[in-house]
Amino acid sequence: MKKTLLFTFLLLSIGLTAQTTIYVNINVSGGNHDGTSWADAFSNLQDALTNSNSGDEIWVAQGTYTPGTLETDSFVIPEGTTILGGFNGTETTADARNWAENPTILSGDLNNSLTENPGDSHTIVTMVGNNAEINGFYIQWGYADDLTENSPTYIGRTGAGVYNNGNNKIFNCSIRSNVAVVGAGLVSYGGTLEIINTLFNSNSANNNGGAMSAESGTINITNCTIANNNSNNGGGGIHFYNGSINATNTIFTNNSGANGNINDDGPGTGTANYCLFYNGTSGNNGNLPPNITGSNNIENTDPLYTNGYQLNNNSPAIDAGSNTAYTNAGGNLNNDLDLVGNPRINNSTIDIGANEFQNYCINLSSDSIIYVDANATGTNDGRSWTNAFTDIETALAIQDCGFTGEIRVAGGQTFKPSTSRLCTGGCTSPRDYYFLIQNDIQLKGSYDVSNDTQDYSNPTILSGDVGVLDNNSDNTLRVVITTNLTNAALLDGFTITQGNANGIGQAIVNGQSINNFNGGGMQNHGNPTISNFRFVNNSTTGKGGGMSNVSASPSIINTIFVGNSAKYGGGLYNIGASPTIINTVFVENSAEAGGGIHNFSSSPSIINTTFYGNTTTENRGGGMINSPSSEVTLHNSVFYANGNDIHNSSVYPAAIINSNSINNFSETSYLLGNSGVSFTQLTSDPFINSSNPIGNDGIWGTQDDGLYPTNVGILVNAGDNSFNTESTDITGNLRISNVTIDIGAYESQSALNTETISAKSFNVYPNPVNNVLNIETSVNYFNYQLYNLHGQKIIEANNQTSNSIDVSKLPSGVYILKMTNNNKSQNFKIIKE
């Protein structure tokens, strides 16, 4: 018995010792928290480090991790341990991770100020053994300010981001926004440190070495980008004293301080080969720095960044590096990715810097169709569903080549911004990421990949939730930005959610100033056509939780704004704007003023729009507030349960409702007293089920939504057909089901459903259909009409007894089938494959 127990104990001990992978996920729910799998992951990275042995790998899922609560706390990487970031928490191989799409942040922000300042960690990451590796992380917001620390290695006031003293490696990291006396981003006091595919930006040293300082030992830097770091003394980029620096395939730009890019301050040596130097900061130039030797460098030349620190298609850094230098440093040109997750080599020669230019524009016409499907497993060149791009960022970047064609995106998938494309100022962290649309493209989501048709009940989701999941404090400041668009640009079939514009200042994007406190979901500086969108749970401390239009006139059609919040304009804020809004719903948005919409010096036209359950804390325009110089035109629209439905400012020049506005209904706005403007007062709930506006299926814009007009109610047949030219309502039903259009975004199906015909009278199948549509019915004869989504009648038959319809010759698409018996009708949405 004792031998058996001993043998069992030895087996367990061997199993524990042989463990090679430890899992960490700050968002793990349940499990044993022992690090043995994603389901049982540690939620605290420190626990994984404590339980690791030499040779182990620690896999860390996306999220923000702090080293503790004390300024002296640090993530100490044990000797021989590799720590990998960029996982989403489902991967079975390290190669499946993506550090750009799944940002894993090691943060020194102990005081939760979202910046680096006193009280933050003195050193975020510490490597004082050998053979440790950190790979795929953002390391930010360290603050090494302990001026009383006078040990020989000054660990309390150097290396706020990373402190090294050994033979170690750093791959695929972004080290930024750290402050120290010396070596703010990184300091090394000994050994040989290899740094590959890493970005150092926005670090600041009070003395020397904003990005890094080699106080002793050797730092080898390969394919890195070192940009916009600062030093109050020397070497805003790199400073070396007793240590030595060897830089290869690396970009140095606009690092400030004496000898801003590289500063030689001692007996150590410095070399630079195949590097690019550029510097426009005070007292600096882009020459090879003093006392630095090397060859094949590009001097005094702008690298032409386009997307954060990515390269545009005219960058001199393209194909200007050394393949041999990269492989000698330990890189693998066949398998490695660059800092944003693209292949490390694109042509035959590696680029200079941390990011490889991806020339997807080759052999691509300006009017091509590009496909995006996160699950595509083909060549991923975007030319078909099989070979689709797996991320929407790559597709949108092709606009930089002049692309004005169509991008189709698979439905039911979530995409998050991972770059700040065409940002030339004010973009320093993942919160500054966004999706940019700057050309008149056709961007269409909600695609069913199996039949290449759109299904708006399964939308493509664009989410700003790039940090800790479901914690909006680190979400992007906006999800989508548009610039310079005309109404020829079509954006169709997306849900935008979790943008949080609670910043200060502004960014410069494609030459346009973008406020960091407006437009949490979308900020428009152009005039696109936006249709079949859902703006859900976006927020801002300023204006336009769901959307802000700045001197813009988009067309907004068949769109829902729900659960958005702002100071002004919970759903939508217009300034100097004249949008056209048709078949749209504003529901349960909130603001101090203008729960649904806030108009300032704007002239929107609002047609067949429903405002329900929007709120304000100041009782000013739960549905809509109109500030000075605004003139709003309203037709066929309804306001209910918004408190004060509409508030017009009386401040000169006073806001008004245009006198041509007609056929509008409101619970309170009949009190506005505008001469010549008529609102029909609502004295009871006009909707079929307003207590459940989304319906039991939990999907907006479907047949069970609760904001349909009540059958034969006050809103039915009460509009004016001439103002609305759309063929369908917000759910895809015919916009005019009888003779006269209804009020609001939903067309009542009172002549088509349970109040006039039994729901069991007709059943049609299969749906989707390829050839023959079967009709199951208890009636002896019936009539039917088949319409396309433009309202055109395609097929019609009367007094039918046959129980099938041949649709084999119809093009693929969505159709409306109207079945009639004894003046009673029922509609079906049919998908033809």
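## Buried rings and what counts as buried

A residue is called buried when its relative accessible area is under 20%, exposed when the value is over 50%, and partly exposed in between (1.4 Å probe, protein chains only). Take Tyr 784: its relative accessibility is 8%, so it counts as buried. Phe 782 is buried as well, with a relative accessible area of 1%.

Before going on, a word about the model. It is predicted, so local features need pLDDT of at least 70 and side-chain atom pairs count only at pLDDT 80 or more, while totals for chains, interfaces and linings use all residues. Residues are numbered from 1 along each chain as its sequence is written, and side-chain values use heavy atoms, with hydrogens and water left out.

## Domains

The domain assignment of the protein (bounds of this kind come from an automatic or database assignment) lists domain 1 (21-329), domain 2 (369-558), domain 3 (600-752) and domain 4 (762-832). How far apart are the centres of domain 2 and domain 4? Taken over C-alpha atoms, they are separated by 37 Å.

## An open sheet

Strands here are DSSP runs of E, at least two residues long, and helices are runs of H or I of at least four, numbered from the N terminus. Two strands pair if DSSP finds at least two bridges between them. With that in hand, look for the open sheet of eight strands, in the order 3-6-9-13-16-19-23-26, with parallel pairing. Its edges are strand 3 (63-65) and strand 26 (276-278), each of which pairs on one side only.

Within this sheet, neighbouring strands are turned against each other by 10 degrees on average, direction ignored. (Axes are lines fitted to C-alpha atoms, for helices over the stretch in contact, and angles run from 0 to 180 degrees between N-to-C directions.) Strand 19 (residues 225-227) meets strand 23 (residues 251-253) through three bridges in the parallel sense, and Thr 225 has Ile 251 as its bridge partner there.

Met 522 finds its bridge partner in Met 547.

## Aromatic pairs

Rings of Phe, Tyr and Trp (its six-membered ring) pair if their centres lie within 6.5 Å; planes under 30 degrees apart are stacked, over 60 edge-to-face, and the rest tilted. The structure holds 21 such pairs. Why does the pair of Phe 611 and Phe 639 count as stacked? Their ring centres are 4.2 Å apart and their planes are at 5 degrees, so the pair is stacked. Phe 611 sits in strand 56 (residues 610-612) and Phe 639 in strand 60 (residues 638-640), 28 residues apart, so to speak distant parts of the chain linked by a pair. Both Phe 611 and Phe 639 are buried.

The rings of Phe 782 and Tyr 784 are tilted, because their centres are 6.5 Å apart and their planes at 35 degrees. Ring pairs also link Phe 494, Phe 533, Phe 535, Phe 561, Phe 586, Phe 611 and Phe 639 into a cluster.

## Cysteines

A disulfide is a pair of cysteine sulfur atoms within 2.5 Å. The whole structure has one, joining Cys 423 to Cys 427 with an S to S distance of 2.0 Å. The torsion about its S-S bond is about 95 degrees, so the disulfide is right-handed. Cys 423 is buried at 10% relative accessible area, and Cys 427 is buried at 17%.

Cys 224 is another story: its sulfur is 9.6 Å from the closest cysteine sulfur, in Cys 275, too far for a bond. Cys 224 is buried at 0%, and Cys 275 is buried at 0% too.
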